[in-house]
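Visitor: I have a protein model to look at and some questions about it. Could you guide me through the answers?

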Amino acid sequence: MNKFLFSMILTELEDAVGIENCSTREIDKLTHSVDYFWLSRVFADRGEKMPEADVVVSPKNAEEVSKVLQIANYYKIPVTTWGGGGGTQGGALPVCGGIVLDTKRMNEVYDVNTDSMYIECGTGAIYKQIENVANEKGYATMHYPSSLTCSTVGGFLAHRGIGVVSTKYGKIDDMVLQMEVVLPNGKIIQTSPAPKHAAGPDLNQIFIGSEGTLGIMTKAQMRIYNQPEERRFRGFLFKDMHEAFVAGKELLQKIKPSVMRLYDEAETGSIIKKIVGVEKKGAFMNVAIEGLSEIVPIEEKIMLRMFKEYGAEDLGSEYGEKWWKEKITFFYPGHALDLPWMFGTMDTIAPFDKIEKIYWAMKKAVESNFPMARFIAHFSHWYEWGCMIYDRFIVENPPQDPIEALRLHNQIWNCGVRAAIANGGVVNDHHGVGIKLGRLMKEQYGPAMEVFEGLKRQLDPNNILNPFKLGL
């Protein structure tokens, strides 16, 4: 790329989205070069420059996105989609330079349909924005992740995100009805008007979780729900994680709580003690039951009887209500894991018959191979067939040299995730793959990786969309 050709391309992009929505300012490129991925932050912290885009564009709608992608395809320029920048896997980092396409101008709420129960919005909307719109109409989105106030609709769709009431309402892919998507060649498509059908594969599920590698989602219809008439919380202390795990599994065969979060002994003794105030030994579980006022007391009675049989200490509603109030506080400065510590969340998911084995295998693998690392976990999203582990490693004194820190970071991740895969788990449950874990996708899927690679070649033959992410 030379200065003259770049200037010509820049004027084309300015024509597509407006001069004011096309920036080459160093501050804009810098702020789009570091997301919440630990390695990007530590490189910046150590004075190393992260890869930057050549230009940041902010389109307003699918038509402007289409124009940008047509220009990029012609000149074979990489395009990396950027939402709120809250991702932890480096999925939004412009590692090949080129264009960063910031979606936040695509934040319009187009419709609140109370017949079909959805909000139609631009994917650049911060999720709390559409939650507020739903609340004003007396409804709720029921998607409450820790990054609710700083991440976009498209960001959650791109990484198949999840919220704290998922046990009752599902993940983000259960909450979307229809989407508008711009393909790498600039063509604008609509997925099917209903998410459940027999008219071929579900196009939604091709683009959800694809992390901006197959197309750019520009509009989505997200489900809304009636507000529960009543929501009751209950905190329990089990003598150990196994007893709590078995009790939780049995409970899900009878009722469906909205929240069921089980913390291992290590996390109960650290984070839960600090935030919620439980200072006893054991495994803490917080459960929320919600819905119609006639039904909630009955389900609570079933839960109390069942957990008593497993020897759980009933801590009442106080701890549970405090946890709900502080559910996002866990991730705020002063409470969240942060530099200078090294840390990572190796969330994985598996059926019930494998999940405990995975937990112990990952804990042993990390702590035995890396004595400087501490391993803590909780089980935070449950289904009738299995659940996921929100498992984290912490190194309080990582190497100061950024390359040595990167090497140790990747070694720990390789060790932990490979232990999960070997015991029936997956690379990741809901944070995504990005550039952090792309190298492990072929180990996860083997020959099946050819399906993803075939989709990429067909839809994006010039490989312009988010290269080197998702193992593609």
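Visitor: At roughly what angle do the axes of helix H13 and helix H14 cross?
Guide: Keep in mind that this is a predicted model. Helix H13 covers residues 352–369, and helix H14 covers residues 402–422. Their axes come within 8 Å and cross at roughly 155°.

Visitor: Are H13 and H14 roughly parallel or roughly antiparallel to each other?
Guide: Angles over 145 degrees count as roughly antiparallel. The axes of H13 and H14 cross at roughly 155°. The two helices are therefore roughly antiparallel.

Visitor: Which residues in H14 do the H13 residues meet?
Guide: Start on the H13 side, with Ile358, Ala361, Met362, Ala365, Val366 and Asn369. In H14 they meet Ile412, Cys415, Gly416, Ala419 and Ala420.

Visitor: How many nonpolar residues does the contact of H13 with H14 have?
Guide: Sort the contact residues by class. There are no charged residues and 2 polar ones. Gly counts as polar. The nonpolar residues number 9.

Visitor: Now the whole protein. What is its radius of gyration, and why is it called as compact as a globular protein of that length?
Guide: The protein has 16 helices and 19 strands. For 472 residues, the globule rule gives 23 Å. The protein comes close to that, so it is as compact as a globular protein of that length. Its radius of gyration is 23 Å.

Visitor: What percentage of the 472 residues is buried?
Guide: Buried means under 20% relative accessible area. By that cut-off, the buried share of the 472 residues is 57%.

Definitions and conventions: Residues numbered from 1 in each chain as written. Predicted model: local features only at pLDDT ≥ 70, side-chain atom pairs only at ≥ 80, totals over all residues. Heavy atoms only, no water. Axes fitted to C-alpha atoms, helices over the stretch in contact; angles between N-to-C directions. Helix = DSSP H or I, 4+ residues; strand = E, 2+ residues; numbered from the N terminus. Parallel < 35°, antiparallel > 145°, perpendicular 65-115°, else oblique. Contact = heavy atoms within 4.5 Å. Rg over C-alpha atoms; globule rule 2.2 N^0.38 Å. Buried < 20%, exposed > 50% of the residue type's maximum accessible area, 1.4 Å probe, protein only.
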